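Reader: I'd like to learn how to read aromatic pairs in a protein. Can you walk me through it?

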Amino acid sequence: MFTLAEVASLSDIQPTYRILKPWWDVFMDYLAVVMLMVAIFAGTMQLTKDQVVCLPVLQSTVNSKVQPDTSGKADFTTVETTTGQEEASMRTVSFGSAPTVTPDILLSKATSSQYQPTESGQEVKKEQKDSSGRKTNLDFQQYVFINQMCYHLALPWYSKYFPYLVLIHTIILIVSSNFWFKYPKTCSKIEHFVSILGKCFESPWTTKALSETACEDSEENKQRLTGAQSLPKYVSTSSDEGSPSASTPMITKSGFKFSADKPMIEIPSVTILDKKDGEQAKALFEKVRKFRAHVEDSDLIYKLYVGQTVIKTVKFIFILCYTANFVNTISFEHICNPKVEHLIGYTQFECTHNMAYMLKKLLISYISLICVYGFICLYTLFWLFRIPLKEYSFEKVREESSFSDIPDVKNDFAFLLHMVDQYDQLYSKRFGVFLSEVSENKLRGISLNHEWTYEKLRQHVSRNAQDKQELHLFMLSGVPDAVFDLTDLDVLKLELIPEAKITAKISQMTNLQELHLYHCPAKVEQTAFSFLRDHLRCLHVKFTDVAEIPAWVYLLKTLRELYLIGNLNSENNKMIGLESLRELRHLKILHVKSNLTKIPPNITDVAPHLTKLVIHNDGTKLVVLNSLKKMTNVAELELQNCELERIPHAIFSLSNLQELDLKSNSIRTIEEIISFQHLKRLTCLKLWHNKIVSIPSSITHIKNLESLYLSNNKLETLPAAVFSLQKLRCLDVSYNSIAVIPVEIGLLQNLQHFHITGNKVDVLPKQLFKCVKLRTLSLGQNCITSIPDKVSQLLQLTYLELKGNCLDRLPATLGQCQLLRKSGLIVEDHLFDALPSEVKEVLNQDTSIPFANGI
């Protein structure tokens, strides 16, 4: 037999798994231990005391030959016969009419005795036979032999194997109860779950989060936490007309609600976790996220638990059914027919089983335990199918805490949490803290504020090209609170901060007028939105999908400049159409860098207000441009990289257009330029980076043109019509194939900037130097061999590019260009060194001035 310690080890599980053992499993484990004790106790008794005692039963023929005593009293008669060395003795005792024969000598010898009654019925004769051999006295051995045979023949099998069956059944039940803790595909998940659950329960962040949850949504308490009691609340001077609607995703204040009879929870004095605790909490959030994704995709643990419960129930029914049939077979008396009459002379024996009474009591006890076990199994099945255990809701936790975003879980994750609730519901409440994004963001915020102090942020503030104070934050977990203490900041750039939150403290930043959100769907509080709505002038939004654009952007009614950079293809145009721009009543500049096939319809909502529209299309062909006709007030229009092949006709309706930029398209011909005569205000025309081969003479009709950019095209000549534009101040024909500068260039008396770099010019006409207002002259990368001395006539020249030509020398008259300095002279060093020393001194006059002024 097994010892109790050896068998009990089968039911051992790790102590940490106890939180997954509901009361019924624990109770069934104890019942299994009691059943083991019954099996071991019964087995031990059987090994030490189990036996039967049998006595022979006289044959009916013998009983019929015995004469009863007529007097009704016991008549005792003894007949002895001795022959040589063999003795036999038989006593016959008669009680009434039922005589009993008790052998006193060897039973095998008694079979040869014959009783022959006399005629009077009182004399008994025995026939003696000759025999040989020795007297052995084997009567005791015969009884032992009969007892052993009758133990196996007469005793029911259930009486002999009852303890072993109980042991086997109990082991099966124990294995069925704990199989889900041992099966590899479930025990690994359970092990991770228990480990993570224990760490979440003991984490300092859990305690801190739950202790502060009541005061987290209170404005006064929040100000005390951030030390902003003295911060004046921003009061919007505008009406509520531009306030966000109910559907606008803003940061809402929702959480624990206080009643009058509930005391306020005090704010802990320690608001910053230890760095090690914070790192551990971050690791726990990541573990919980990965564990949830791994466990929620299957319901194997649930199915396994249901399966083993069904097995235990079927086992209970099986044991109860067959045990009830055999309970009456355990009896004290048994009749045995060993069929060894030729050895002992008797055919039937009556036997007694000395363990029958005890075994029957143990069996009844075992049946009682099995019945209790079975009822618990039925209750377990009822619990399994009464509620959907593959779904778990944290609704109660959400109601009691400020973490309203704790998600519901499903499948095995939900089942494990249901099992934990049977142990202690506090585990689920503390575990839910690590499922909340609000909680995770709060932890990140604490760590972020601890790392990014005011002093550190001040070191990252720089001056941009517009001489404004600018702060650029990149790839942080959030926006540090200290940012809002930089009250003199002009520009704030937030890039790759997915959890950015703009709080009410931004109302301190009265100088802030420009905000950049690069892949940063920032959320704003109501007070912060009111401030931005009334103060923000310029907003840059860079996104991958249009859904990343914060909805509050469309409600900034005082916004002047909006820059949208991201994917706005035809499918997403439907989405962006849902968010109208009509509320941006003061919007003047709209810059869209995307891949549009047509101008989004909602842009027409702000079309009457726009003065500048820029569309950079990244090579996608812009087909539909009819919406441009509604932009009657547009003064600057840029359609860059839109794969345009001709100048769009819709442009000719823009009567207020002053600057047109069609850079980086596929325009080959500009015959439509004659229609520009209706654009009386057009002063700047940029057709650079196209495929234009010629300039039509109709360009003379653009009387007011002041700037003409035709660089990076395929021009070979400059027509005289270009030089009839008397108001032209800037002409850029760089990087073409022009070989000759026409002499008519002298007619452009107002020309200030002339760029012809990267062409094939070899001679400079003298008429060029009649343009005495020239300030910039770019002649680099041509074939020019000499510079005329008349260059001295350009008294206002400040920039002269000559590098990349075939010059042998520079004219000494360069010294007469009073405003030209060495920094503005782009030429090879050897040519500059060949100039007379007095000329070089003139050109170098400004070299020491900047240093002197800077000291």
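This is a predicted model: local features need pLDDT of at least 70, side-chain atom pairs count only at pLDDT 80 or more; totals for chains, interfaces and linings use all residues.

Reader: How is a pair of aromatic rings described?

Author: You look at the distance of the centres and the angle of the planes. Now take Trp 23 and Tyr 379: their ring centres are 5.4 Å apart and their planes sit at 45°, so this pair is tilted. Planes under 30 degrees apart would count as stacked, and over 60 as edge-to-face.

Reader: Where do Trp 23 and Tyr 379 lie in the chain?

Author: In distant parts of it: Trp 23 belongs to helix α2 (residues 23-49) and Tyr 379 to helix α13 (residues 356-386), 356 residues apart. Trp 23 is partly exposed, at 46% relative accessibility. Tyr 379 is partly exposed too, at 36%.

Reader: What about Trp 24 and Trp 383?

Author: Their centres are 4.9 Å apart with planes at 55°, so that pair is tilted as well. Trp 24 is in helix α2 and Trp 383 in helix α13, so the pair ties together parts 359 residues apart in sequence.

Reader: Are Trp 24 and Trp 383 buried or exposed?

Author: Both are buried.

Reader: Which residues do ring pairs link into a cluster?

Author: Trp 157, Tyr 158, Phe 162, Phe 318, Tyr 322, Phe 326 and Tyr 366.

Reader: And which charged end sits over the ring of Tyr 518?

Author: That of Lys 542, 5.9 Å from the ring centre. Elsewhere, Lys 686 lies over the face of Tyr 709, 5.1 Å from the centre of that ring.

Key:
Residues are numbered from 1 along each chain as its sequence is written. Side-chain values use heavy atoms; hydrogens and water are left out. Rings of Phe, Tyr and Trp (its six-membered ring) pair if their centres lie within 6.5 Å; planes under 30 degrees apart count as stacked, over 60 as edge-to-face and the rest as tilted. Helices (H or I, at least four residues) and strands (E, at least two) are DSSP runs, numbered from the N terminus. Buried means under 20% relative accessible area, exposed over 50%, partly exposed in between (1.4 Å probe, protein chains only). A charge sits over a ring if NZ of Lys or CZ of Arg is within 6 Å of the ring centre and within 35 degrees of the ring normal.
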